[in-house]
Amino acid sequence: MRKQLQGLDSNKAAGPDGISPRVLKELADSLSAPLAEIFQTTIDTGTAPTQWKTALVTPIFKKGDKHRASNYRPVSLTAVCCKLCEHVIAKAMLNHMDSHMLLSDLQHGFRRKRSCESQLIIFVDELARGVSRGQQIDAVVMDFSKAFNVVQHGSLLVKLNYYGIRGSTLRWIDSFLTNRSQRVVVDGDMSEVAPVTSGVPQGSVLGPILFLVYINDMPECISSTSRLFADDPIVYRPVTNEGDCGLPDSAEGSPSIEEVGDLVGHELQPI
C-alpha cells in the first residue's frame with residue numbers, strides 16, 4: 001500500500017471526496033496501514049462506500065459536431081482512495097483470469113504484453129499468408145457504440161460468477177456498480193446529480209477488466225476468426241465459395257452484424 005501511495009501523481013486532480021493525491025503521497029508512511037485496513041474491511045464485507053460511487057464526468061471530444069453531446073466521451077473522475085482499492089481487486093482478478101487462462105487469447109486490449117500493435121501485426125500476417133496462397137479474405141471492422149456505457153450489470157455479474165469471481169469480491173463489484181451517481185463538469189460548472197443505471201465508469205481502474213470479462217465470449221459466438229482490441233473487433237474469414245462472400249450472416253451458421261451485437265449486449269456501429 002505504501003508503494004502505491006508513493007507512486008501517486010501529485011499533479012492529478014482530487015476526486016469528488018476532495019482528497020488530493022498530494023496529501024496521500026506525502027503522508028504515505030502514516031496512511032498506508034489504516035488505508036489497507038479500510039480496504040480489507042470494505043472487500044471482506046462486500047460493500048463499496050457511498051462516497052466512492054460518485055463521479056465527476058468530464059466530456060472529452062471525439063469527432064464530428066462539437067454541439068452534439070453524443071460526440072463526446074465521458075471520462076469519470078472518481079475518488080483516489082477508491083482507485084487504490086480498485087487496483088487491489090483488479091490485480092487479483094487479472095491474476096485469477098491469467099492463471100486459469102480464462103481471457104480469450106484473441107483479446108489484445110488492456111492486457112500485459114499486448115497492444116493495438118500486436119493485434120494489427122497478427123491480423124496483417126494472416127492476411128498476407130492468405131494472399132500468398134491466392135485466397136480472398138473478407139473482413140469487417142467494427143466499433144461497439146458507447147461500449148462502456150451500456151454494459152448490463154446483471155449480465156456482467158453472471159459472467160463474473162461463471163469465471164470464478166465470487167464471494168465477497170463479487171459482492172463488492174456489485175456494490176461498486178450499484179447506486180452510482182455522477183455530475184458533468186464543464187469549465188468549473190456542475191450539472192445536477194444524475195443516477196447511473198448501467199455501464200462501467202470510464203476512467204476507473206476496474207472498468208477495463210470488467211469490460212473484457214463482459215465481451216470475453218464473443219469469439220465463441222461467431223464462426224469467423226476475430227481479433228479484439230477492447231471494443232474494436234475485427235471479424236474475417238477466407239472466401240472459398242459464394243456462401244462465404246459478404247458479411248458474416250451470408251455464411252451458414254454465422255450470425256449477422258446485428259445478432260453479434262445482441263450476443264454481447266451492444267449496438268454495433270460500422271466504421
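Predicted model: local features only at pLDDT ≥ 70, side-chain atom pairs only at ≥ 80, totals over all residues.
A residue counts as buried when its relative accessible area is under 20%.

**Aromatic pairs**

How many aromatic pairs does the structure hold? There are five aromatic pairs. Here are two of them:

| Pair | Distance between ring centres | Angle between planes | Geometry |
|---|---|---|---|
| F39 and W52 | 5.8 Å | 70° | edge-to-face |
| F123 and Y236 | 4.9 Å | 65° | edge-to-face |

Let's take F39 and W52 to begin with. Their planes sit at 70°, so this pair is edge-to-face. F39 belongs to helix α3 (residues 28-45), while W52 is in the loop between α3 and β1 (54-61), so the pair ties together parts that are 13 residues apart in sequence. Are these two buried or exposed? F39 has a relative accessible area of 2%, which makes it buried, and W52 counts as buried too, at 8%.

Now for F123 and Y236. With planes at 65°, this pair is edge-to-face. The pair links distant parts of the chain: F123 comes from helix α5 (residues 116-132) and Y236 from strand β8 (residues 232-239), 113 residues apart. As for cover, F123 and Y236 are both buried.

Conventions
Residues numbered from 1 in each chain as written. Heavy atoms only, no water. Phe/Tyr/Trp six-rings, centres within 6.5 Å; stacked < 30°, edge-to-face > 60°. Helix = DSSP H or I, 4+ residues; strand = E, 2+ residues; numbered from the N terminus. Buried < 20%, exposed > 50% of the residue type's maximum accessible area, 1.4 Å probe, protein only.
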